[in-house]
Amino acid sequence: MKNKIVVVGGYGHVGATICKQLGERYPGQVYAAGRSAERAERLSRETGGKVKPLTLDIRNPAASDALNDAKLVIMCLDQTDTGFVRSCFRNGTHYIDVSANGAFLTQVERCGPEAEAHGATAVLSIGLAPGLTNLLALEASKLLEQVHEIDITIMLGLGDQHGEAAIAWTVDNLHASFEVIRNNRSVTVKSFTDGRVADFGADFGRKKAYRFPFSDQQTIARTLGVPTVSTRLCFDSALVTALAAGLRTSGAAGFLKADWVRQAAIAGIGKLHFGEERFAVKVDARGSKGKKDALAECFLQGIHQSEMTAKMAVSVADALCRITFPQGVYHIEQLFELSDMRKWLAKEAAVEIRLDGNLHSTV
């Protein structure tokens, strides 16, 4: 009987939270997996044995042996190829991925027929962005008859606790070029360019944000059929946001490619704890309704971005363990809606949805 839930990277910043929460729901069935037996065992002791340790190196072909009794794998690490993912599918093991690497998630999408053939369901785009941003975009698009453009803006608080992997991903992408969909065509843009001002509402006001390679913008252009989609990032400190944009404009961000500069930047950012612990998301969907131009706006505010990512993963994992979903590879907005998250989300965040400036609903 396959009943194990294996959390790869389960003792990391997000993974440990996922393990602890799932361990309360499925005691003794959740495994914190990774290359460090010591860290996995330490987490197991912290949970009183509700979470079990598992030594696992996903780069080793023998890792697939650990999947024999696994009902579900939750991936909290970045990957460069789909070897381990395909091992999950061949074992009929369901799969959740919390990463935001659009290029890799596209590779996983192409494995859909293999997942379907072996009775596995994979859910991608799990977390805050991608994840909740996808569901907010879906919610906004449902309010319009036609959607011409979706703009997603994410504000992160510098006072929050961010895991090393999340910081490294942000640093690595400060100098990135990536593809977005504009007027149904793929175009190349650069991180921290093309700044736009977003209105986050009364608490945070208007902030300038810049392009950043969150995978939601590539995904929902396909899944929701939107001609133009963009995602931008800013911080609660306008000064830090402007500094990041300045590094990009001046070319200084290119120095982050040097390993010692990159490591110093990751360590330095990890020690910064000024600003707030709150985050905010704004989704603007522009289109038409009743032959008139229309604007649907979704506002979301919460605290502790990494915990929100963990809670999203736990919610989807719980659903996969209890409910039968279609086999294959899906992004979250293809299987879930914001209303599916309402029960727990109402305790963790404030969500407000407006149509043409008028309040439509709240969470």
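A residue counts as buried when its relative accessible area is under 20%. By that cut-off Cys-76 is buried, because its relative accessible area is 18%. The model described here is predicted.

**Cysteines**

- The structure contains zero disulfides, a disulfide being a pair of cysteine sulfur atoms within 2.5 Å.
- For Cys-76, the closest cysteine sulfur belongs to Cys-19 and lies 7.3 Å away, which is too far for a bond.
- For Cys-321, the closest cysteine sulfur is again in Cys-19, at 13 Å, and this too is too far for a bond.
- Cys-321 is buried, since its relative accessible area is 18%.

**Helix 1 against helix 11**

- Two packed helices are described by the angle between their axes and the distance between the axes.
- Helix 1 spans residues 13-25 and helix 11 spans residues 305-322; their axes come within 9 Å and cross at roughly 40°.
- Because of this angle, helix 1 is oblique to helix 11.
- The crossing of helix 1 with helix 11 is right-handed.
- On the side of helix 1, the contact is formed by His-13, Val-14, Thr-17, Ile-18, Gln-21, Leu-22 and Arg-25.
- On the side of helix 11, the contact with helix 1 involves Ser-306, Thr-309, Ala-310, Lys-311, Ala-313, Val-314, Ala-317 and Asp-318.
- Sorted by class, the residues in the contact of helix 1 with helix 11 are seven nonpolar, five polar and three charged.

**Helix 6 against helix 11**

- Helix 6 covers residues 128-142, and its axis comes within 9 Å of the axis of helix 11, with a crossing angle of roughly 65°.
- Helix 6 is therefore roughly perpendicular to helix 11.
- The crossing of helix 6 with helix 11 is left-handed.
- Leu-128, Gly-131, Leu-132 and Leu-135 of helix 6 meet Gln-305, Met-308, Thr-309 and Met-312 of helix 11.
- The contact of helix 6 with helix 11 comprises five nonpolar residues, three polar residues and no charged residues.

**Helix 8**

- Helix 8 consists of residues 216-223, and six of its eight residues are buried, so helix 8 is largely enclosed by the rest of the structure.
- The buried residues in helix 8 are Asp-216, Gln-217, Gln-218, Thr-219, Ile-220 and Ala-221.

**Backbone geometry**

- Most residues other than glycine have a negative phi, and most peptide bonds are trans.
- The peptide bond from Ala-129 to Pro-130 is cis, with omega near 5°, and Pro-130 is found in helix 6.
- Asp-194, a residue other than glycine, has a positive phi near 55°.
- Asp-194 is located in the loop between strand 9 (185-190) and strand 10 (196-199), and it counts as partly exposed because its relative accessibility is 38%.
- Asp-356, a residue other than glycine, has a positive phi near 50°.
- Asp-356 is placed in the loop between strand 16 (349-355) and strand 17 (358-362), and its relative accessible area of 44% makes it partly exposed.

Definitions and conventions. Residues are numbered from 1 along each chain as its sequence is written. This is a predicted model: local features need pLDDT of at least 70, side-chain atom pairs count only at pLDDT 80 or more; totals for chains, interfaces and linings use all residues. Side-chain values use heavy atoms; hydrogens and water are left out. Axes are lines fitted to C-alpha atoms, for helices over the stretch in contact, and angles run from 0 to 180 degrees between N-to-C directions. Helices (H or I, at least four residues) and strands (E, at least two) are DSSP runs, numbered from the N terminus. Angles under 35 degrees count as roughly parallel, over 145 as roughly antiparallel, 65 to 115 as roughly perpendicular and the rest as oblique. A crossing is left-handed if the near helix is turned anticlockwise from the far one by less than a right angle, and right-handed if clockwise. Contact means heavy atoms within 4.5 Å. Ala, Val, Leu, Ile, Met, Phe, Trp, Tyr, Cys and Pro count as nonpolar, Asp, Glu, Lys and Arg as charged, and the others, Gly among them, as polar. Buried means under 20% relative accessible area, exposed over 50%, partly exposed in between (1.4 Å probe, protein chains only).
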